[in-house]
Amino acid sequence: MFALRFAHFTDPHLPLPPAGPGWTALLSKRLFGYLSWRRRRHRIHRPEVLAALLDDIRARKPDHLVCTGDLANISLPAEFERARVWLEATAAPRDLTLVPGNHDALVPVPWVRGLGLWEPWMRGDPGTGPDGTAGGEGLFPSLRVRGAVAFIGLSSAVPTAPLLATGRVGQTQLRRLEALLQEQGAAGRYRVVLLHHPLADGTVRARKALTDRAAVRAVLARAGAELVLHGHAHCARFAALPGPLGPIPSLTAPSASAVAHGRYDAARWSLVEVRRTPDGWRTAVTVRGWEASAGAFGTLGHYDLLMPAQTGAAGGGVADRAA
């Protein structure tokens with residue numbers, strides 16, 4: 001019996017509001033993003049594809065949804081407001097876990113007009129960590145426990161200079177991340193680490209990379225995790241990260257709203273089914289992708305991952321005893 005079935009999608013890039021930005025809003029890094037949207041990105045990121053993806057997810061009735069960022073394009077206050085409406089229509093906060101992406105932090109935006117509007121989908125379960133300030137500090141890493149699965153969300157979203165899309169997690173999140181991984185491992189839970197930027201070297205160019213990814217990998221190598229999910233790359237990628245008992249799989253998918261363009265694939269999402277076995281955790285992944293000729297999503301592939309049960313910092317955990 002599966003412990004949990006959850007859907008992962010990323011980078012939906014909702015359309016810009018019809019009114020568009022005022023000129024004062026474009027006196028910043030937003031100008032480059034706006035010109036890119038008008039020139040080509042509005043033809044790539046299609047709302048009808050995203051709507052079909054969500055219908056396809058709902059048809060499979062997962063227990064939980066995970067989105068790894070980039071709902072916005074140029075971080076306009078109106079984008080955060082529209083995305084809040086979209087989130088409300090997509091799933092209740094308890095049923096969807098969100099971490100922000102670089103486009104959600106393209107430029108500094110006051111918390112109450114920006115990412116704070118999405119806080120119910122990002123905040124951890126009550127009593128699982130710091131409550132966070134009005135500016136969002138302390139909100140991450142978040143912890144949400146659903147069945148035997150612990151979703152641990154990181155924010156790698158930071159404003160950067162023009163032509164850069166780098167991210168950073170920072171020492172404060174890293175310290176808390178290690179403690180959470182050890183705690184949840186000792187409790188025998190399947191730990192899923194969520195962030196927008198990839199952790200593996202070479203997945204994206206240096207100007208788009210996570211600047212402290214080596215430090216995050218070092219935490220994972222010490223404390224362990226069962227799965228890492230990310231976005232940002234706009235293409236399907238599988239990587240193996242060093243863990244204390246063996247490789248930790250890291251997965252991503254193309255943008256949830258994209259049509260095929262250049263070297264980038266059309267929209268995909270993953271149905272991840274987790275269950276405990278006598279040998280450890282078994283993860284079954286079904287990849288669903290947009291097939292333009294059919295105007296619908298179809299199954300592109302399926303694979304299984306088998307990870308040994310982690311012992312956690314406190315010695316044998318629930319997973320070990322259950323086995």
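Me: Which residues form a nonpolar patch on the surface?
Reply: In this predicted model, the patch consists of Leu31, Phe32, Leu35 and Leu163. Together they have about 380 Å² of accessible area.

Me: Where does Phe32 lie, then?
Reply: Phe32 belongs to helix α1, which covers residues 30-44. Its relative accessible area is 46%, so Phe32 is partly exposed.

Me: Changing topic: at what angle do helix α2 and helix α3 pack?
Reply: Helix α2 (residues 47-59) and helix α3 (residues 77-90) pack at about 25°, and their axes are 12 Å apart. Because angles under 35 degrees count as roughly parallel, α2 is roughly parallel to α3.

Me: Is the crossing of α2 and α3 right-handed or left-handed?
Reply: The crossing of these two helices, α2 and α3, is right-handed.

Me: How many salt bridges are there?
Reply: The count comes to 14 salt bridges. One of them joins the side chains of Glu88 and Arg84, at 3.0 Å from N to O. Both residues lie in helix α3, four residues apart, or about one turn of the helix.

Me: Which parts of the chain does the pair Asp125 and Arg146 link?
Reply: Asp125 forms a salt bridge with Arg146, with the closest N and O atoms 3.0 Å apart. This pair links distant parts of the chain: Asp125 is in the loop between α4 and β4, whereas Arg146 is in strand β4, 21 residues apart.

Me: Are Asp125 and Arg146 buried or exposed?
Reply: Asp125 and Arg146 are both buried.

Me: And which residues are linked in a network of salt bridges?
Reply: Asp56, Arg60 and Arg288 are linked in such a network.

Key: Residues numbered from 1 in each chain as written. Predicted model: local features only at pLDDT ≥ 70, side-chain atom pairs only at ≥ 80, totals over all residues. Heavy atoms only, no water. Patch = residues over 30% accessible without salt bridge, like charges linked within 9 Å, V, L, I, M, F, W, Y side chains within 5 Å. Areas by Shrake-Rupley, 256 points an atom, 1.4 Å probe, with all protein chains shown as cover. Salt bridge = Lys/Arg side-chain N within 4 Å of Asp/Glu carboxyl O. Buried < 20%, exposed > 50% of the residue type's maximum accessible area, 1.4 Å probe, protein only. Axes fitted to C-alpha atoms, helices over the stretch in contact; angles between N-to-C directions. Parallel < 35°, antiparallel > 145°, perpendicular 65-115°, else oblique. Left-handed = near helix turned anticlockwise from the far one by under 90°.
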